[in-house]
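Here are some exercises to work through with the model open in your viewer. Try each task before you read its solution.

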Amino acid sequence: DRGGVLFMGRCASCHKMGSLGYEVGPDLATIKNAGREELLTHIVDPNREVDPNFVSYLVETKDGESALGIVVGESAASVTLRQPFGVETVIQRSDIARIQSQGKSTMPEGLEVELSQQQMADLIEYLLDSRSVN
């Protein structure tokens with residue numbers, strides 16, 4: 001239960017697991033076969049190995065606005081970014097001053113600093129527990 005609370009408070013804004021959360025980062029149901037050490041590595045060092053589908057992009061518009069997220073759609077006319085909580089922002093290409101890959105994950109570094117060892121253990125157990133997929 002403690003791990004579930006941590007997931008909802010720290011991870012669900014960007015990760016989907018079963019019916020919980022949002023699809024910004026990888027679906028965490030896919031990590032069930034990962035071991036504890038591998039999962040801990042991904043949490044502590046989110047940029048060690050980043051799937052190209054989840055690389056963060058910064059889009060700056062001609063009017064000085066900016067948006068950061070993963071690119072989930074592109075056309076000749078627009079770019080669609082997905083941000084935490086599944087918010088999607090469509091930006092017209094004619095409004096874009098610059099689009100640049102950040103070369104890293106949208107997952108913030110330093111999550112482990114905010115969690116005690118017990119909290120990290122609780123979170124990992126929750127993520128690996130097949131019953132936690134709703």
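**Exercise 1: the sheet**

Strands β5 and β6 pair in the antiparallel sense, over six bridges. Strands here are DSSP runs of E with at least two residues, helices are runs of H or I with at least four, and both are numbered from the N terminus. Two strands pair if DSSP finds at least two bridges between them. Before going on, note that this is a predicted model, where local features need pLDDT of at least 70 and side-chain atom pairs count only at pLDDT 80 or more, while totals for chains, interfaces and linings use all residues. Residues are numbered from 1 along each chain as its sequence is written, and side-chain values use heavy atoms, with hydrogens and water left out.

Task: walk across the sheet from β6 and work out in which order the strands come.

Solution. 
- Step 1. Move on to β4, which pairs with β5 in the antiparallel sense over four bridges. Gly73 has Thr80 in β5 as its bridge partner, and three residues lie between the two strands of this hairpin.
- Step 2. Next comes β3 (residues 55–61), joined to β4 (residues 66–74) by four antiparallel bridges. Val59 faces Ala67 in β4, and Tyr57 has Gly69 as its bridge partner. This hairpin has four residues between the strands, with Gly64 at a positive phi near 90°.

**Exercise 2: a helix pair**

Task: find at what angle α2 and α3 pack, and which residues meet.

Solution. 
- Step 1. Take α2 (residues 36–44) and α3 (residues 117–128): they pack at about 115°, with axes 10 Å apart. Axes are lines fitted to C-alpha atoms, for helices over the stretch in contact, and angles run from 0 to 180 degrees between N-to-C directions.
- Step 2. List the contacts, meaning heavy atoms within 4.5 Å. From α2 you get Arg36, Leu39, Leu40 and Ile43; from α3, Met120, Leu123, Ile124, Glu125, Leu127 and Leu128.
- Step 3. Sort them by class: eight nonpolar, no polar and two charged.

**Exercise 3: the largest pocket**

Task: say how much space lies in the largest pocket, and what lines it.

Solution. 
- Step 1. The volume is about 970 Å³. A pocket is an open set of points on a 1 Å grid over the protein atoms alone, where a 1.4 Å probe fits, with protein on both sides within 12 Å along at least five of seven lines; lining residues have an atom within 4 Å of a point.
- Step 2. The lining has 42 residues, with His15, Pro26, Pro46, Ser105 and Met107 nearest the centre.
- Step 3. By class, that's 20 nonpolar, 13 polar and nine charged.
- Step 4. α2 gives the most to the lining, with four residues.

How values were computed. Ala, Val, Leu, Ile, Met, Phe, Trp, Tyr, Cys and Pro count as nonpolar, Asp, Glu, Lys and Arg as charged, and the others, Gly among them, as polar. Grid points are joined across faces, edges and corners, and a volume is the space filled by probe spheres set on the points.
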